[in-house]
Amino acid sequence: MLSSGINVLFEGSNMQRLLGGLLITAQIAFISIIISSLLGIVVGLMMTLKSRVLQFVFRFYLEAFRIIPILVWLFFVYFGVTNMLDIHLDGEIVAVVVFSLWGAAEMGDIVRGALESLPKHQMESGKALGLSFWQLYRFVLIPQAVRRMLPGAINLSTRMVKTTSLVVMIGVIDVVKVGQQIIERSIIDFPAASFWIYGLIFILYFIICYPLSILSKKMEMKWES
Amino acid sequence: MKGNNKVLLEIVGLRKTYGARPVLDDINLSIHKGEVVVVLGSSGCGKSTLLRCLNGLESIQGGDIKLSGKSLTDKNVNWQEVRQQIGMVFQNYDLFPHMTVMENILLGPSKVQKRAEKEVMEQASQLLDRVGLLNRKDDYPRQLSGGQKQRIAIVRALCMNPEIMLFDEVTAALDPEMVREVLDVILGLAKQGMTMVIVTHEMGFAKAVADCIVFIDAGKICEIAEPDEFFSNPKTERARQFLNIFQY
Ligand SMILES: Nc1ncnc2c1ncn2[C@@H]1O[C@H](COP(=O)(O)OP(=O)(O)OP(=O)(O)O)[C@@H](O)[C@H]1O
Ligand SMILES: [Mg+2]
């Protein structure tokens, strides 16, 4: 009975739709991770400058994303902010905005930690060579920090991929939503549909996230040798 | 002798405080071109701080430092430019661990001075050869011993063609067996006429390399003398006590 249920995956355009949903999930996650990484470097860098005001602002920013559930952020921007400004924003755009802001805050904290963990004399010997502020970060500090922040950054990325499943709540049809739709429609003909559909989604998430951890292992090994 | 050369670095009434605590007080010192000044003094007397003030790693609270007659306390002073003329080597191995030996050496000349890579590479190879490490140019710092790292750090600073070199206890963290190879390099530089300010605890080396000994005690210059005189017949009681510690 279970084995016959597997056919639900190949009924009509089911597989195509599931992969389409996956593409949306991957798109939101991928774009958000890229933006987060870029913004995160800027945020992290600013947090290492000895400005109390900046430190306070970024601390507050980070805590805001840690304390308030991401779902509430999604609702707040999708319904609240758009309503207030009297505009309409696509659910996908809202998702990218919220995930990017969240990612930038977390990534900023990871970058800050990595920069602060570098020995102080690295900065000084760079300065003593006459490197400018930007050259110091670009050639000396950031390349070393990247190695130290990699495990944290990859971990954050997989968390972001997983959290994209919340976007159904603001009307985005992601892979999980497509799965639900298919199950609802096929449950009569295929009583085991949920097992196979969710099983596939299970594997799909694994396929997105696993390469990330492979990548981080590879890079760590390369840098260690 | 070297006193006839022009003054390269002049320190006038320099004062440095951390909070309310003075660390350097009324330091006056003229360093002539080609002169080797060795700074001695017990731990915590302010030797490192003095060197760090000279290339702007520490701010100063009073007095003035002049490099070739130009004041470094001027508001418009361009430290990136000044630091190209003042090479510094620290006690800790301060090579950049993510770069090879050659990349470490090329960074300053190519990015800061915008010199052509080929020309810098030739100079770097010559300098590496002179310190006996040309065959290690593609190694990473972690593949080198402490003494080798310090010799590379010296080459890296030299490749900027500085007017003056500052050495802050560059052998203090080294295994005794490796001290010699590093000191030999510095001695070689002295013979070539490099202007240097050297902080060290190696008294034999100080005596051999110095044109002038500056003895600092509690942030003040206590005695300035020629090495022979300083080691055989120190004028101040503090210097005598300091030298006694090294006599076993
Ligand atoms: N960042 C700092 N804040 C406060 N005090 C400091 C700081 N750096 C150094 N000092 C103090 O300034 C004094 C001089 O320090 P410095 O490192 O110049 O001594 P030193 O002569 O180089 O000693 P050593 O031979 O141990 O290297 C010391 O008493 C030290 O405690
Ligand atoms: Mg010191």
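Modeller: A residue is called buried under 20% relative accessible area, exposed over 50%, and partly exposed in between, with a 1.4 Å probe and protein chains only. This is a predicted model, in which local features need pLDDT of at least 70 and side-chain atom pairs count only at pLDDT 80 or more, while totals for chains, interfaces and linings use all residues. Residues are numbered from 1 along each chain as its sequence is written, chains are lettered from A and ligands numbered from 1 in the order in which they are written, and side-chain values use heavy atoms, with hydrogens and water left out.

Biologist: Why is Cys53(B) called buried?

Modeller: Its relative accessible area is 2%. The limit for buried is under 20%, so Cys53(B) is classed as buried.

Biologist: Where is Cys53(B) found, and which residues is Cys53(B) in contact with, leaving aside its neighbours within four places in sequence?

Modeller: Cys53(B) belongs to helix H1 of chain B; helices are DSSP runs (H or I, at least four residues), and strands (E) have at least two, both numbered from the N terminus. With those neighbours left aside, its contacts (heavy atoms within 4.5 Å) include Leu14(B), Leu24(B), Ile65(B) and Trp79(B).

Biologist: Which element gives the most to the shell around ligand 1?

Modeller: H1(B) does, with three residues. Lys47(B), Ser48(B) and Thr49(B) are among the residues surrounding ligand 1.

Biologist: What makes a set of residues a nonpolar core?

Modeller: Its members are buried Ala, Val, Leu, Ile, Met, Phe, Trp, Tyr and Cys residues joined through side-chain atoms within 4.5 Å. The largest such core has 67 residues, and Leu18(A), Phe99(A), Val175(A) and Ile197(A) touch the most other members. H5(A) gives the most to this core, with twelve residues. A second, separate core of 50 residues includes Val38(B) and Leu158(B).

Definitions and conventions. Near = heavy atom within 4 Å.
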